[in-house]
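Please examine the sequence and the three-dimensional structure shown below.

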Amino acid sequence: MFAAIGSAVGLGNIWRFPYVAYKNGGGAFILPYLVALLTAGIPLLFLDYAVGHRYRGSPPLAFRRLNRKFETIGWWNVLVNVLIGLYYAVILGWAASYTYYSLNAAWGADPSAFFFKDYLQMAPDVSAQMQFVAQVALPLVLVWLATLLILAFGVQKGVARASAFFMPLLVVMFVLLVGIALSLPGAAKGLDVLFTPDWSKLASSEVWIAAYGQIFFSLSVCFGIMITYSSYMKRSSDLTGTGMVVAFANSSFELLAGIGVFAALGFIATASGQQVGDVAAGGIGLAFIAFPTIINQAPFGAVIGVLFFGSLVFAGLTSLISVLEVVIAAVQDKLKIGRVAATLAVGVPMMTASVLLFGTTTGLPVLDVLDKFVNTYGIVAAGFLYVLCVVLGRNLGVLSRHLNKTSSLKVGKTWLLFVGAVTPLVLGTMLFTDTRSLLT
Ligand code: PHE
């Protein structure tokens with residue numbers, strides 16, 4: 001359970017949710033968000049749990065046991081996880097550097113120039129190259145080594161134990177961070193902006209698609225991750241109960257992140273005389289530019305910095321572990337090799353590729369392309385195909401009986417309706433709009 005929470009709680013909670021919520025109706029976004037969670041997120045999480053737990057394998061093996069023809073979907077999941085792993089690690093490397101830089105606000109007065117020019121700059125000469133290696137490549141390698149070490153210890157001793165350690169630590173750090181952010185002058189203004197509902201947005205289909213997209217990404221469903229993790233659960237595990245705890249923990253953390261991030265944005269907007277909307281940003285801009293600016297001006301800036309970037313590292317590390325677990329488990333299942341051998345066989349090439357791609361040049365354009373590809377074809381297309389196969393292959397009955405055998409919360413017609421009709425419909429629509437926007 002801790003490992004699943006660790007996978008779900010990641011960069012998506014801290015830097016994606018606050019921004020997506022703000023852009024899509026603020027307080028009003030809560031409604032589509034909850035609808036997406038209840039009609040697709042939790043039902044799909046249960047589905048992943050049922051598939052993994054019943055067929056006991058990584059996605060390729062579990063899907064093959066479900067139906068011989070489905071193995072390819074599993075390998076598609078594996079490929080997507082390989083791609084995510086390559087760049088998720090990079091962001092953690094940056095966050096690790098920035099945890100350290102927070103101590104003395106090393107980014108100076110202009111965090112944006114520092115990030116793009118000084119930190120990520122493609123190195124023009126040898127001494128600058130050495131500096132680049134020290135500040136970007138080295139932390140990246142360290143992130144990889146830590147991740148692979150934890151994975152090499154196996155699921156119980158490595159993944160589960162690390163998650164049970166990092167998750168509570170993350171919560172403590174993040175609660176502290178939110179507490180400090182709320183005490184900053186202007187915090188209330190930020191919260192006003194985040195939570196003021198714009199009900200008119202609910203009429204737009206984009207807002208609903210954004211809500212479903214956020215839920216899929218945030219809960220790590222349709223990636224093969226939860227299938228893999230549930231394959232390790234005891235036969236008698238309460239699957240739906242665990243799923244509910246994971247979903248609840250993830251959404252609570254997401255809400256907390258929204259409050260913390262917008263309180264901090266309210267502070268910086270007030271301090272610089274801008275509108276909160278003008279300083280609100282998501283993703284890389286929020287973490288590596290907006291937050292350094294806040295840290296520069298806030299009381300206890302260094303503490304805020306270490307807590308914020310440290311949280312990114314811990315939240316991201318357990319997500320990265322889950323991504324690699326899928327790949328390692330798939331290799332183990334296929335080649336029947338031991339844990340350490342599989343970790344090395346997967347980890348060394350991936351670490352090398354990741355460092356070569358992103359630790360030698362800024363790699364930002366590559367990251368952008370990978371991210372778009374993963375979001376559209378990784379999640380949406382794979383999820384669509386997955387649900388479609390399960391539905392058309394008439395596997396839902398068996399899977400719902402499997403869930404009900406050991407679970408406290410029973411699934412029934414509603415679950416069948418959500419998985420069988422709502423999710424294929426939503427995923428199909430998303431696939432259609434995403435592809436259309438890519439083509440135009
Ligand atoms: N759920 C993670 C988050 O919220 C993102 C993630 C998705 C991580 C898929 C790994 C795989 O950040």
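## Basis of the model

The model is predicted, so that local features require a pLDDT of at least 70 and side-chain atom pairs count only at pLDDT 80 or more, whereas totals for chains, interfaces and linings use all residues. Residues are numbered from 1 along each chain as its sequence is written, and side-chain values use heavy atoms, with hydrogens and water left out.

## The largest pocket

Rolling a probe the size of a water molecule over the atoms shows where empty space is left. The largest pocket has a volume of about 1,500 Å³. A pocket here is an open set of points, on a 1 Å grid over the protein atoms alone, where a 1.4 Å probe fits, with protein on both sides within 12 Å along at least five of seven lines; lining residues have an atom within 4 Å of a point. Grid points are joined across faces, edges and corners, and the volume is the space filled by probe spheres set on the points.

The lining consists of 48 residues, and Arg16, Val20, Gly213, Asp371 and Asn375 lie nearest the centre of the pocket. Helix H10 (205-218) is among the helices that supply at least two lining residues, and H10 gives the largest share, nine residues. Helices are DSSP runs of H or I with at least four residues, numbered from the N terminus. The lining divides into 22 nonpolar, 18 polar and eight charged residues. Ala, Val, Leu, Ile, Met, Phe, Trp, Tyr, Cys and Pro count as nonpolar, Asp, Glu, Lys and Arg as charged, and the others, Gly among them, as polar.

## The second largest pocket

The second largest pocket holds about 330 Å³ of space. Of its 17 lining residues, Met1, Gln156, Tyr229, Tyr232 and Met233 lie nearest the centre. Helix H8 (155-183) is one of the elements giving two or more residues to this lining, and the largest share, four residues, comes from H8. The lining comprises 11 nonpolar residues, five polar and one charged.

## Helix contacts of H12

Helix H12 (residues 239-272) packs against helix H14 (residues 283-297) at an angle of about 60°, with axes 10 Å apart. Axes are lines fitted to C-alpha atoms, for helices over the stretch in contact, and angles run from 0 to 180 degrees between N-to-C directions. H12 and H14 are therefore oblique to each other, a term for angles that are not under 35 degrees (roughly parallel), over 145 (roughly antiparallel) or 65 to 115 (roughly perpendicular).

The axes of H8 and H12 come within 8 Å and cross at roughly 35°.
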